[in-house]
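This report describes selected features of a predicted model.

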Amino acid sequence: MEEVITSIARYLIIKRLSNDVVALLAVKEYLIDGEPPSVIAFKYKISKFKVRGYIQRVIDKAGNYRVAVKVVESLYPYIMSIEPIMLRSGSRMICTICNTYVRINEDEQHIRKKHKDLLNELIRSMVARLKH
Ligand SMILES: [Zn+2]
């Protein structure tokens, strides 16, 4: 179970650090609020395919739907309390930790490569908090 939580936490924390609010809302509104993907897609003006992609990633990590719901319910408040580090700046993103500009699709890669310690620390403390 700890591996499942760690892997879902990693996915959601990267989305949060990169300020991908829509991905987080899509996962939350589907798994916790029970909204259909078509409603979520319409609301945030993204494709249904994309919404299903975000949701599927979490369910695959969880192994099944029921576990995904449980884990996302317990992680979500912690995830949202994290301060994003990526900020949209014109046609690029700027990392507020190292003041580096990155391409929009390379923000998650930047976090995974350059801020691995921060990422691991956030995951570690989140998993530890859930145990208590
Ligand atoms: Zn950076």
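## Ile-32

Ile-32 is exposed because 12 other C-beta atoms lie within 10 Å of its own, and a residue with 12 or fewer counts as exposed. The residue belongs to the loop that connects α2 (21–31) with α3 (37–44).

Leaving out residues up to four places away in sequence, Ile-32 touches Val-69, Val-72, Glu-73 and Tyr-76. Lys-70 is 38 residues from Ile-32 along the chain, and the C-alpha atoms of the two are separated by 8.7 Å.

## Packing of α3 and α4

Helix α4 spans residues 48–62 and packs with α3 at an angle of about 115°, the axes being 8 Å apart. The crossing of these two helices is right-handed.

On the α3 side, Pro-37, Ser-38, Ile-40 and Ala-41 take part; they meet Lys-48, Val-51, Arg-52 and Ile-55 of α4. Sorted by class, this contact has five nonpolar, one polar and two charged residues.

## The largest nonpolar core

The largest nonpolar core has 33 residues, of which Ile-8, Ala-26, Val-27, Ile-55, Val-58, Val-72 and Leu-75 touch the most other members. Two or more residues are given to this core by each of α1 (2–17), α2, α4, α5 (65–80), β2 (92–95) and α7 (116–131). Helix α1 provides the largest share, eight residues.

Leu-75 is in contact with Ile-8, Ala-9, Leu-12 and Met-126, its neighbours within four places in sequence set aside. In soluble globular proteins, nonpolar side chains tend to be buried together.

Note on methods
Residues numbered from 1 in each chain as written. Predicted model: local features only at pLDDT ≥ 70, side-chain atom pairs only at ≥ 80, totals over all residues. Helix = DSSP H or I, 4+ residues; strand = E, 2+ residues; numbered from the N terminus. Buried ≥ 20, exposed ≤ 12 C-beta atoms within 10 Å, placed from the backbone. Contact = placed C-beta atoms within 7 Å. Axes fitted to C-alpha atoms, helices over the stretch in contact; angles between N-to-C directions. Left-handed = near helix turned anticlockwise from the far one by under 90°. Nonpolar A, V, L, I, M, F, W, Y, C, P; charged D, E, K, R; others polar. Core = buried A, V, L, I, M, F, W, Y, C linked by C-beta atoms within 7 Å.
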